Amino acid sequence: MPAHPRAHPTRRALLKAGGVGLLTFTLGGSVVTLSPAEAQAAGVPLGALTQEEADTLAALGERLVPGSREAGVVPFVDSQLAASPADCMLMIQYLGVDPPFTPFYREGLAALDGAAEARHKLPFAKLKDAPAEALIDALAEGKVEGWAGPPPSFFYFVVRNDACDVTYGTVKGFEALGVPYAAHIMPPSEWGEPS
Amino acid sequence: MTALPTEKIDAVVVGSGAAGSHFAARLAQVGKRVAILEAGPAWENKDLVSSMLWARRLKGAVAPVLETGKDTVGYGFNSGHGVGGSSMHQYGVWPRLHTNDFRVKTLYGRSRDWPIGYADLQPYYDRVQEECGIAGNQRMESSQPPGAPYPMPPVPVSAQGRIVGHGFEAVGMKVSPLPLAVTTRAFRGRPPCMWDGWCDAGCPIGALANAQTIHLPQARAAGATLHPETEVVRILTDKSGKRATGVEAITKDGERVKVMADVVVLAAFTVQNPRLLFASATPQHPDGLANSSGMLGRFITTHGAAPIFGLHEKETTPGFGALGGQLLNQEHYDDKNAHAEQGAFGSYQWMIAHAVKPNGLLGIAPSRPDLRGKALSDFMQRATRHIITMTGVVEDEALAENRVTLSSRKDALGVPLATVAHTSSKEPVALWDTAVAEGLKVFKAAGASEAWHTPRAPMHIMGGTVMGKSPGDSVTNSYGQAHDLPNLFIAGAGLFPTSGGVNPTFTLHALAARSTEYLVKNWNSAIG
């Protein structure tokens, strides 16, 4: 028996072993591989977040970065949170937050919904334009009354960057901006998962 | 996977980054039996996927690093994860330190002195640049110290570089080609760079002088063995406490092993080196190995990055070029009191016209965190064609209280985590403010319709195992040889007594070239 068995194979190792290139999801009892956008369209079950949290994330992401819902901000973030922190591709992995990262998102999304409920008796995803934008203004400024989550402006920064990553940082995203991707090693999926 | 040596070898190297691979190559090439132990995974060229998302896997640590203080050092962003270490995601900006950088205490009464001067290091800078290849134009660098001409012509200047260069000229400042460890022509079997700006994701074609391109192949060709996912947890010493005998490590299968060697080279990055030395305390070294001076972990420094952005009416093709930039300005570098009236002290340089991608921490979208919704979409459409960029590299002050200590928390292998405390003194912050004001003025002079900056951010981590003349106030001598254990060598930017205002990789290579030459010549006295 080894003295310190490593906990479990990393996601990267599993992907290598399976020779697959995309995110792996369990759908209808079988494992499938999809890009975040495909996963969003297919309604893939969540691995780390609850449906309520996913709805809040999608609504916030879309208001920050138009197109991020369709680009798959929810499956992107959720799948990264469900993976080993060592393999995490979210920007949070180098922003000084202690892994695992799911509590950061969970507490931030709950605090946002809590603030929306306190102001309008609705979850954030159900807010109309004006109250939602006013709440995001307060979030960005770090001034949300009764906020009980990670520092609000930092939470805004992190989710905004996740939404930017999945919207602009892919081959499709570059295409939409009219920017040549010009890869040395082409990402085998939309957002760069290695084969 | 190559089996770990079971018999005593000549040298065990902890860490496979720039410094460790350099040591391994030089020692193996003179016939020493060398094993390199790397805590992180192996990367192959095909893993270096062109994506700012994938690039993040090259950063961070196997065990988390805790950070405290007002101005944290950004360990996760600045460190490396896996074979090649942080050299895998360096941008290849390789200026030399200047003459005054080595005598800061003597000249200005602040920070510290180095135990050597520029003249001691110059031949090694020259040797390293010939081996690794630097593109630039020495004659155009008005303030660089003397040295051999660069072996390759400068990086091409794009519209972005020309626009910002004109801005500098308009305010009476000169620019020169940025010295880059990137191939501008075929060089020693390496192809020329394609200038597609993906340096942050590693360089799979070998254009940028990373460990996996330069020293790891040399080390392996000379017989050194490389052992990824093998995490060193302790440096072993003999009963006298005066000699290192090897290291204890945990393999990826969880097996606890000992690798015994005549020489131990600690090259596990700035923060992990003191962590391991503290964690290897013995009754003879109750405060940590190589710490009789009490200086272990102290004088951690980090450059304050001053990122400047602007929008220009002309198209700037900002996605292409080298991520490190195209042009250099070191206008005030040689007078660290040039901005004393502003309460500033130290030196800084500008790296001008970076290749910049839409996303990523240094990318276009995060440069305007205030924008969202349609305003962000509109900005992205415009900025991906019209943005101009540069970054100031601002000197830190070496302070004893900025230090690495052990946390009461432990990692999965039972080793206490490192805590890094860093709070800047007033002068480097004032120097950063001065640099930002100058940068915005340059961009306005360049014709930017708007110019802005992002907050002060930590770039590069140095110190923690500083070299010095006296065993009483430093951890190693000028060769990185521990004062307390002559067969323990420390390598990397952790040796730097002060940060200077230039990128550290060239200097850590020059130190490694000097240290390995010394070690090979003095092998018998070192091993005792």
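Hi everyone, let's start inside chain A: the axes of helix α7 (residues 129–141) and helix α8 (residues 152–168) of chain A come within 6 Å and cross at roughly 110°. An angle from 65 to 115 degrees counts as roughly perpendicular, so α7(A) is roughly perpendicular to α8(A). Please keep in mind that this is a predicted model.

Which residues make that crossing? From α7(A) we have A:I136, A:L139 and A:A140, and they meet A:P152, A:S153, A:F155 and A:Y156 in α8(A). If you sort the residues of this contact by class, you get 6 nonpolar, 1 polar and no charged.

Now find a second pair in chain A. Helix α3 (residues 51–64) and helix α6 (residues 102–120) of chain A pack with their axes 10 Å apart, at an angle of about 75°. α3(A) and α6(A) are therefore roughly perpendicular to each other. On the α3(A) side, look for A:E52, A:E53, A:T56, A:L57 and A:L60; they meet A:R106, A:L109, A:L112 and A:D113 in α6(A). What is the make-up of this contact by class? The contact of α3(A) with α6(A) has 4 nonpolar, 1 polar and 4 charged residues.

Let's zoom out to the two chains together. How many residues of chain B are in contact with chain A? There are 56 of them, and they touch 51 residues of chain A. The area buried between the two chains is about 4,500 Å², and carbon and sulfur atoms give 55% of that. Three arginines deserve a look here: B:R56, B:R57 and B:R372 supply 19% of the area that chain B buries against chain A, more than any other three residues.

One of those arginines, B:R372, also forms a salt bridge with A:E133, and the closest N and O atoms are 2.8 Å apart. Across the whole interface of chain B and chain A, 4 salt bridges are found. Between the chains there are also 23 residue pairs in polar contact, with both residues at pLDDT 80 or more.

Where does the chain B side come from? The elements of chain B that give two or more residues to it are α2 (75–78), α8 (364–367) and α9 (373–386). The largest share, 8 residues, comes from α9(B). And by class, the residues of chain B that touch chain A divide into 26 nonpolar, 12 polar and 18 charged.

Technical notes:
Residues are numbered from 1 along each chain as its sequence is written. Chains are lettered from A and ligands numbered from 1 in the order in which they are written. This is a predicted model: local features need pLDDT of at least 70, side-chain atom pairs count only at pLDDT 80 or more; totals for chains, interfaces and linings use all residues. Side-chain values use heavy atoms; hydrogens and water are left out. Contact means heavy atoms within 4.5 Å. Buried area is the accessible area (1.4 Å probe) that two parts lose on being put together, summed over both. A salt bridge is a side-chain nitrogen of Lys or Arg within 4 Å of a carboxyl oxygen of Asp or Glu. A polar contact is a pair of N or O atoms within 3.5 Å; within protein, one must be able to donate a hydrogen and the other to accept it, and residues adjacent in sequence count only if both atoms are side-chain atoms. Helices (H or I, at least four residues) and strands (E, at least two) are DSSP runs, numbered from the N terminus. Ala, Val, Leu, Ile, Met, Phe, Trp, Tyr, Cys and Pro count as nonpolar, Asp, Glu, Lys and Arg as charged, and the others, Gly among them, as polar. Axes are lines fitted to C-alpha atoms, for helices over the stretch in contact, and angles run from 0 to 180 degrees between N-to-C directions. Angles under 35 degrees count as roughly parallel, over 145 as roughly antiparallel, 65 to 115 as roughly perpendicular and the rest as oblique.
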